[in-house]
Amino acid sequence: MDDYADYTPLPGSTLIHLAEPRVPSDIGDGEAEATIRCCRVLLAKDWGHVIYASSALVYGDQNPLPRRAEERVEAYSPYSIIKLSCEDLVKSIGGTVLRPANLYGPGMALENVLSTIIRQIGRPGDLHLRDLAPVRDFIHVDDAAKAFVLAADRQACGIYNVGSGSGISILELARLVLTVAGEDHRAIVADAPSIRRSFLTLDIAQTRRELRWEPAIALDQGIRILMEHIQ
């Protein structure tokens, strides 16, 4: 936080705030408080506009319907406390909040479900995952980046979902990757299936309408691009 205390932005500059912890499960209460304080220090500067990268995780994963940006959500973890608290700070100064779905593409985290699938490509035997039933919304990083650019250009005040607008189960995702890799003969095994249902997809109608944004990279296309990049 001290690194930002003496920084003075250029007049009319746009702040795109991405600098927060990456692993939600590793965040403690103390880190949550420090992260919110850091956001408050940043927002006290004289910015022309602020765009904050929140997360679709603020919705939780219990509603099978696509989640809408205007619906009420409540914090349920230190990570969601960070996101919702910083969202409130950004909204209070007329900024833009973007809630991305599951981001994927070159440079993505190594410990996510798509990385876990891709690491097993080219290996013999079954493909193993923890659970196959959860449904998620995946958006390519290039599409997400375009949403941030449009948000900076339009300087809209509000919350916007950034996703594909549809969900896919982890089983279907694994099958898609295997098909792209030419390994669709392999079986897919769940090592720790849960009886708890898990859904998280996004309604992007408002983002399309107000930011004039549209995801352009289909999931199968994005996976092909990603695997070519890795190879």
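Select His17 first, in strand E1 (residues 14–17). Helices here are DSSP runs of H or I with at least four residues, and strands are runs of E with at least two, numbered from the N terminus. The model is predicted: local features need pLDDT of at least 70, side-chain atom pairs count only at pLDDT 80 or more, and totals for chains, interfaces and linings use all residues. Residues are numbered from 1 along each chain as its sequence is written, and side-chain values use heavy atoms, leaving out hydrogens and water.

Is His17 buried or exposed? His17 is buried, with a relative accessible area of 4%. Buried means under 20%, exposed over 50%, and partly exposed in between (1.4 Å probe, protein chains only). Now show what His17 touches: Cys39, Leu42, Ile51, Tyr52 and Ala53, not counting residues up to four places away in sequence. Contact means heavy atoms within 4.5 Å.

Zoom in on Trp213. Its contacts include Ile139, Asp143, Leu150, Val162, Ile204 and Arg208, again not counting residues up to four places away in sequence.

Move to helix H6 (residues 170–180). Which residues of H6 are buried? Ile170, Leu173, Ala174, Val177 and Leu178 are. They cover an arc of only 135° around the axis, which puts them on the same side of H6. The arc is taken from the directions from the helix axis to the C-beta atoms. An α-helix has 3.6 residues a turn, so residues three or four places apart point the same way. The buried residues of H6 pack against several elements, including helix H4 (113–119), strand E5 (127–129) and helix H8 (219–230). Just after H6, select Gly182, with its positive phi of about 75°.

Last stop: an open sheet of three strands, in the order E9-E6-E11, with mixed pairing. E9 and strand E11 (199–200) stand at the edges, each with a single partner strand, so one side of each has no neighbour in the sheet. Strands pair if DSSP finds at least two bridges between them. Strand E6 (residues 135–136) pairs with E11 in the parallel sense over two bridges. Finish on Val135, opposite Phe199 in E11.
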